[in-house]
Amino acid sequence: MRTSIASVCLSGGLVEKLHACAEAGFDGVEIMDADLVAAYESPEEIRALCHRLGLTIDLFQPFRDFEGVDDQTFTDNMRRARAKFEVMQRLGADMMLLCSNVATATVPDFDVAATQIGALADLAAEYGIDIAYEALAWGRYVSDYRDAWDIVQRADRANLGVCLDSFHILSRGHDPAAIEEIDPDKLFFLQLADAPNMDMDVLSWSRHHRLFPGEGDFDLIDFLSHVILAGYRGPLSLEVFNDTFRQTDVTRTAAHALRSLRWLYDRTAAQNDWADLQLDAPQPPRAVDFVEVSGEDLSAVERTLSQLGFSFGGRHRTKAVRLWEAGDARVILNEQVRTPGSRLVGLGFEVGDAAAAARRAQAIGAPQVFRRTYAGDYELPAVASPDGTEVYWNSQSAADSWLDEFEGRVPLADATAEPGLRGVIDHLNVAYPWQEFDEAVLFNTSVLALDSAPPSEVPGPRGLVRSQVMRTRDGAVRLAMNLAPPTAPELPRHVAIRVDDAVAAARRARARGLAFLPMPSNYYDDLDARFGLEPELLAELRELDLLYDRDAQGSFIHFYTPTIGDIFFEIVERRGDYDGYGAASAPVRLAAQRGTPLR
């Protein structure tokens with residue numbers, strides 16, 4: 001697989017973009033005409049830089065509004081083309097992207113379009129340049145790739161072929177199966193982009209909301225399958241117009257982009273059973289092994305866990321690390337850092353093959369994490385997610401692997417003592433700044449093998465919070481992702497522990513002195529209006545600051561601890577087959593975490 005990327009995908013100037021593409025590991029680039037025009041470096045200098053960086057210039061683009069025009073406009077278009085061909089010769093680019101006419105076309109005749117494009121190809125041939133003709137989704141007369149192929153056949157020039165763009169094809173709902181009917185020698189170039197399903201004009205959709213593969217709703221695996229089966233032999237190139245990516249760090253975005261191509265190529269190979277092209281198989285997690293919280297002083301977190309009913313699981317024999325347990329819910333507290341506050345920094349997952357999970361992650365582009373170990377320590381392979389959170393994999397249970405490294409565990413309470421909290425980690429809630437959200441979606445899909453649920457929006461005191469749950473199909477692992485408005489502070493992360501009886505857990509925690517996140521009285525009035533709850537249940541919820549939700553499948557009772565640094569905990573109980581997260585109560589929780597009562 002050769003990889004390429006259009007310079008329009010990245011922020012910064014052309015030289016910065018080229019360095020970032022090379023550092024990420026791309027083989028080639030598409031150079032946008034606008035990027036070259038704005039550069040102080042000459043075409044010869046850009047050509048030399050690409051050579052030094054090991055990048056091929058795979059495409060020069062775009063050339064617009066050429067075909068289907070009157071004679072005078074056609075003459076002027078040929079003048080424009082000659083000038084750009086001379087620039088391309090200096091640049092060392094031998095393929096130009098020709099977009100279907102959206103503005104100046106006045107002749108809806110494919111024979112006229114073919115004649116004019118044929119003349120353009122003849123002129124290009126004098127410079128040793130190929131023309132890749134692309135049907136834009138909003139083209140005036142040519143908006144379907146099959147029509148572009150028709151015109152290419154009518155023109156019948158050796159240096160004229162088609163460019164296939166996944167956005168232009170899939171956004172219009174065109175069937176990509178007919179790609180396999182195109183002569184493979186005429187498949188000159190391929191551009192890939194994902195996108196969310198949106199109800200808006202296709203031009204605005206294209207210019208602002210494209211995404212890298214794996215982050216949107218397009219079936220790019222099926223699309224790429226048709227392209228490869230058709231015999232395409234060129235690079236897989238990304239052309240993603242996105243307001244976020246044009247503002248984020250250029251080096252990080254380029255690395256993010258390449259990961260998306262590696263994921264797409266691997267999933268396409270897997271779907272078609274091309275075994276020699278596949279990475280290690282995805283390893284969907286079967287359980288959360290542990291979560292890790294770091295900070296220079298975690299005594300407040302420790303006190304909260306104790307009040308919730310967690311048991312002390314011991315100190316690590318070689319590190320300044322402590323373990324707290326509540327059944328199969330395990331929280332590691334790491335005070336080896338020198339940063340104030342507390343933050344969720346590590347996630348451990350139990351999988352079928354930990355080594356394969358790590359190999360796959362690194363092949364896609366996730367950096368390996370160095371973890372200091374000593375003789376006798378259990379090896380947990382790990383990588384860093386894009387935001388730095390460390391992800392660990394374990395092929396065995398904690399009891400059969402690393403648990404014995406913690407010494408001084410408090411024995412489980414006997415039958416006469418007050419019972420401790422017993423549960424499992426139900427879900428993890430992680431927040432991201434606006435510029436990292438899509439990258440996190442791709443990581444969770446490609447590396448953690450989680451499926452993405454449709455996003456939702458939750459009203460918060462500082463604007464709408466975008467929420468998206470990613471999970472295994474059986475719900476054993478659930479990762480809820482939150483995105484606050486750009487001007488709002490980043491939301492804290494939290495760990496939700498599922499128990500059999502949240503009411504009993506709340507009473508015991510309250511008796512140990514834990515003050516829950518307080519809920520306003522109006523919230524319980526609204527619960528009564530929505531659900532018509534039994535007076536005894538409503539009074540119990542109100543007394544204990546418990547939250548409640550219900551649907552046709554079951555009900556949900558939960559409560560929150562106060563936030564400590566950048567983390568808080570939630571205790572949840574699922575009754576029946578309830579599968580949600582209490583979304584209707586989320587605005588109240590967000591307001592409670594921010595606000596203070598009127599004095």
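**Reading the labels**

Analyst: A place to begin is Asp156, which follows α6 and has a positive phi, near 55°. This is a predicted model, in which local features need pLDDT of at least 70, side-chain atom pairs count only at pLDDT 80 or more, and totals for chains, interfaces and linings use all residues. Residues are numbered from 1 along each chain as its sequence is written, and side-chain values use heavy atoms, with hydrogens and water left out.

User: What makes a stretch count as one of the helices or strands in the chain?

Analyst: Helices (H or I, at least four residues) and strands (E, at least two) are DSSP runs, numbered from the N terminus. By this rule the chain has 17 helices and 25 strands.

User: Why is His168 called buried?

Analyst: Buried means under 20% relative accessible area, exposed means over 50%, and partly exposed lies in between, with a 1.4 Å probe and protein chains only. The relative accessibility of His168 is 3%, so His168 counts as buried. This residue is found in helix α7, and, leaving aside residues up to four places away in sequence, His168 touches Glu134, Ala135, Leu136, Ala137, Trp138, His174 and Arg210, where contact means heavy atoms within 4.5 Å.

User: What does the side chain of His168 reach, and at what distance?

Analyst: The side chain of His168 reaches the backbone nitrogen of Ala137 at 3.0 Å. A polar contact is a pair of N or O atoms within 3.5 Å; within protein, one must be able to donate a hydrogen and the other to accept it, and residues adjacent in sequence count only if both atoms are side-chain atoms.

User: Which residues of helix α6 are buried, and how do you know that they line one face?

Analyst: In α6, which covers residues 145-155, the buried residues are Tyr145, Ala148, Trp149, Ile151, Val152 and Ala155. Seen down the axis of α6, these buried residues fall within an arc of 160°, so they line one face of the helix; the arc is that of the directions from the helix axis to the C-beta atoms. Their cover includes α5, β5, β6 and α7.

User: What caps the N-terminal end of α6?

Analyst: Asp144 does, with a side-chain oxygen 2.8 Å from the backbone nitrogen of Arg146.

User: What makes helix α9 mostly covered?

Analyst: Seven of the ten residues of α9 are buried, namely Leu220, Ile221, Phe223, Leu224, Ser225, His226 and Val227. What covers them includes β6, α7, β7, β8 and α10.
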